[in-house]
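Please consult the sequence and the structure shown here while reading.

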Amino acid sequence: MARIGCYSSGEACAAHAPSFLDHITHLRDNVTGGHVEVHEELHDGTKYADRHTAHITKNDGTTATMEVYVFADLAPDGRFHRIEETTLLLERTDTDRTIGSAR
């Protein structure tokens, strides 16, 4: 499993903001489409969690499938305050080891 990172509007994860931008840029540069299939979702007060599968189509036409585990805290207004994600590649090519991360 690969830990994508901690993304937060608070100070605790503020150092991860550049890596989040790198992650999004990496996806935009390499992914042309896909869809998400949510398997489980839990919302309890300010806590949120889900397990979903991302089916990804890359620029070269190949595909990858990854299971994603999300754990989050919600702000009082209902928006995400902190998100942590861990991924597990289910189907991939040899070049997909870094598809979920810009690192």
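The points below treat the strand pairings, the turns and the aromatic contact in order. The model is a predicted one. Strand E3 (residues 47-58) pairs in the antiparallel sense with strand E2 (residues 31-44), and E3 also runs antiparallel to strand E4 (residues 63-74).

**Strand pairing**
- The pairing of E2 with E3 extends over 12 bridges.
- Within this pairing, Val31 has Lys58 of E3 as its bridge partner.
- E3 and E4 are joined by 11 bridges.
- Thr63 in E4 stands opposite Thr57.

**Hairpin turns**
- The hairpin of E2 and E3 has 2 residues between the strands, and Gly45 adopts a positive phi near 65° there.
- In the hairpin of E3 and E4, 4 residues lie between the strands, and Gly61 has a positive phi near 90°.

**Aromatic contact**
- The model contains 1 aromatic pair.
- The ring centres of Tyr48 and Phe80 are 5.4 Å apart with the planes at 70°, so this pair is edge-to-face, the cut-off for that class being over 60 degrees.
- Tyr48 belongs to strand E3 and Phe80 to strand E5 (residues 80-91); the pair thus links distant parts of the chain, 32 residues apart.

**Accessibility of the two rings' residues**
- Tyr48 has a relative accessible area of 14% and is therefore buried, as the limit is under 20%.
- Phe80 has a relative accessibility of 42%, so Phe80 counts as partly exposed.

Technical notes
Residues numbered from 1 in each chain as written. Predicted model: local features only at pLDDT ≥ 70, side-chain atom pairs only at ≥ 80, totals over all residues. Heavy atoms only, no water. Pairing = 2+ DSSP bridges. Phe/Tyr/Trp six-rings, centres within 6.5 Å; stacked < 30°, edge-to-face > 60°. Buried < 20%, exposed > 50% of the residue type's maximum accessible area, 1.4 Å probe, protein only.
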